[in-house]
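Thank you all for coming. I would like to walk through one structure this morning, starting with its rings and ending with its open space.

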Amino acid sequence: TDKKLVNDIFACYGINMGLFISNWLDRFKAEVLIIGGNIVKVYNLFGPHLKSILESYEVRTVICVSDLMEDASLFGSARMLDEQYWNKLNKSLLLM
């Protein structure tokens, strides 16, 4: 059925996201992962799978879902204009 296909697609999305991001969260010792944008509308479909993968890799990062939707990227971009914040962030970027 279509519902099963949709659930399978987002399960796969959550698993792949967890596999991709687990190393980065661990490497940066991230305390929080904020998920924003339109994808949060279907967090209930992929979130449990994402959490499961992170737990299997013993990543303890807390996942927070933003209600800012697409405005989150605008706020994040604007934050980069703060010189003190940029200097702090720039050091982390060197680890990438």
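How many aromatic pairs does a search of the whole structure find? The search finds 4 of them, where rings of Phe, Tyr and Trp (its six-membered ring) are paired if their centres lie within 6.5 Å, and the planes are called stacked under 30 degrees apart, edge-to-face over 60 and tilted for the rest. One of these pairs is F10 with Y13, edge-to-face at 6.4 Å centre to centre and with 75° between the planes. Another is Y43 with F46, also edge-to-face, at 5.2 Å centre to centre and 80° between the planes.

Before I go further, please keep in mind that this is a predicted model, in which local features need pLDDT of at least 70 and side-chain atom pairs count only at pLDDT 80 or more, while totals for chains, interfaces and linings use all residues. Residues are numbered from 1 along each chain as its sequence is written, and side-chain values use heavy atoms, with hydrogens and water left out.

The protein has 4 helices and 2 strands, arranged along the sequence as α-β-α-β-α-α; these elements are DSSP runs numbered from the N terminus, helices being H or I of at least four residues and strands E of at least two.

Ring pairs link F10, Y13, Y43 and F46 into a cluster. Leaving out residues up to four places away in sequence, F46 touches F10, Y13, G14, M17, I35 and I39, contact meaning heavy atoms within 4.5 Å.

Y43 and F46 also belong to the largest nonpolar core, which has 12 residues, including M17, L33 and L54. Such a core is a set of buried Ala, Val, Leu, Ile, Met, Phe, Trp, Tyr and Cys residues joined through side-chain atoms within 4.5 Å. Helix α2 gives the most to this core, with 4 residues.

G18, in helix α1, is buried at 0% relative accessibility, and beyond its neighbours within four places in sequence, G18 is in contact with L50, I53 and L54.

Finally, the open space. The largest pocket holds about 1200 Å³, and of the 31 residues that line this pocket, V32, L33, I34, Y85 and L89 are the closest to its centre. A pocket here is an open set of points on a 1 Å grid over the protein atoms alone, where a 1.4 Å probe fits, with protein on both sides within 12 Å along at least five of seven lines, and lining residues have an atom within 4 Å of a point; the volume is the space filled by probe spheres set on the points, which are joined across faces, edges and corners. Helix α1 supplies the largest share of the lining, 6 residues.

Methods. Buried < 20%, exposed > 50% of the residue type's maximum accessible area, 1.4 Å probe, protein only.
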